[in-house]
Amino acid sequence: MKTEYDFFIIDKEHLKEKKTFPFQLYIFNPAHKKFSMFLNGNRPLTKEHNDFLDYILERGGKLAILKNQRKTFLTAQETNASEIPSLKERELHPLEKERLMNIKLKEMYEEKRGAFSLQTEFELACQTDNFEAIIENARMEILTFSVTMSPTVSLAVHLAKTHLEKDNFTNRIVAVSYLLAKNCNIVDQDALADIICGAYFAHIGLTQTPLTIARTPYLNLPEKERTLFQKHTILGHHLIKKSQIDISERCKKIILDHHERAAGGGYPSMKYGEQIEMLSQIVGAVSHLFEYSSGKITGGKQSMKAILIAMKSKSYMQGLEFDFGEKVFQSIITLINTDKIETKEDHTELKKAA
């Protein structure tokens, strides 16, 4: 995804009354803080284009060129870089320097290790009970996010930098939620940042419930305490709002809705189907997977392999949920290639767990 660092800004006067250009023209929309294609290279700048361009510029839009077409622009327009204010050398912000360094480190890592496969790494992580490689890959990618896109993206980068290092329960949920979102074709950095921050803050409401409730397996809680546990989504949402932390409304929805289920059986609002953001379903599904595996739901640990086989076949296991929306469900059950590992031993394990 291109950011402001991929472009330089020009004035309309720099087009010099020419009608065709060997470079592409982009428009920056200040309302959405995004660049979009305005005119492809070697296409004529018609009167309609020209009038529309004037309309955009009058309302605060900006004309931009890709930096990788800098030489083409300067040559075609017979212009020196010194005449373009945005091309004058400037000192990069320390955070941008760090981001560029992280991009290079990521490229070097991928060149050495090859492309990352979530399924391959997830299977290995479950076998060894070690998610360091998955967490490291997620951290490495997040640290390349733009430092100027939005407060939520900046916070996601900060959280990854300061917390997404050790292999622990929370970091497993954050890293796998982020990577699963990408598997669901979510690539927008704003959306991925919502996933990261939402996964980190999803259970912050449990700090406002008695410690014994938070530490007792969910199915072992009496009905009254179970109701108190379920309030952690509302409490977490309230805490984030009261803190006035600058994060997106969509991220706040993840905190509130990660226990909502597609058929309407979740909480706190029993939302149904498309009323639930896919981002909330992703965090909810990944959280449930690790909670079930670790014993936070039934009191007994279960292998991830057995859980995913049960989910795929929709076999009954006490407290196991499947209702995360079809796209998220399909992505979850392919975290491990269960087709090659369903054996008699696996089915025996399922029966014991049921």
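These legends describe close-up views of a predicted model.

**View 1. The largest pocket.**
The largest pocket holds about 1,300 Å³ of space. Its lining counts 44 residues. Lying nearest the pocket centre are Lys2, Thr3, Glu4, Tyr5 and Asp6. Two or more lining residues come from each of strand 1 (7–10), strand 3 (34–39), helix 3 (94–113), helix 7 (169–183) and helix 8 (189–201). Helix 3 gives the largest share, six residues. Sorted by class, this lining has 18 nonpolar, 18 charged and eight polar residues.

**View 2. The second largest pocket.**
This pocket has a volume of about 790 Å³. It is lined by 31 residues. His203, Phe229, His259, Glu291 and Lys296 are the closest to its centre. Helix 7 and helix 8 each give two or more residues to the lining, and so do helix 9 (211–215), helix 10 (223–230) and helix 13 (278–294). The class count here is 14 nonpolar, 10 polar and seven charged residues.

Strands of a sheet pair through backbone hydrogen bonds, either parallel or antiparallel.

**View 3. Strand 2 beside strand 4.**
Strand 2 covers residues 25–29, and strand 4 covers residues 62–66. Three bridges join the two strands in the antiparallel sense. Look for Tyr26, which stands opposite Ala64 in strand 4.

**View 4. An aromatic pair, Phe7 and Phe35.**
Phe7 and Phe35 form one of the pairs, and it is stacked. The rings sit 4.1 Å apart, centre to centre, with 10° between the planes. Phe7 belongs to strand 1 and Phe35 to strand 3. The two residues are 28 residues apart, and the pair links distant parts of the chain.

Technical notes: Residues numbered from 1 in each chain as written. Predicted model: local features only at pLDDT ≥ 70, side-chain atom pairs only at ≥ 80, totals over all residues. Heavy atoms only, no water. 1 Å grid on protein atoms, 1.4 Å probe; cavity = no way out; pocket = protein on both sides within 12 Å on 5 of 7 lines; lining within 4 Å. Points joined across faces, edges and corners; volume = space filled by probe spheres on them. Helix = DSSP H or I, 4+ residues; strand = E, 2+ residues; numbered from the N terminus. Nonpolar A, V, L, I, M, F, W, Y, C, P; charged D, E, K, R; others polar. Pairing = 2+ DSSP bridges. Phe/Tyr/Trp six-rings, centres within 6.5 Å; stacked < 30°, edge-to-face > 60°.
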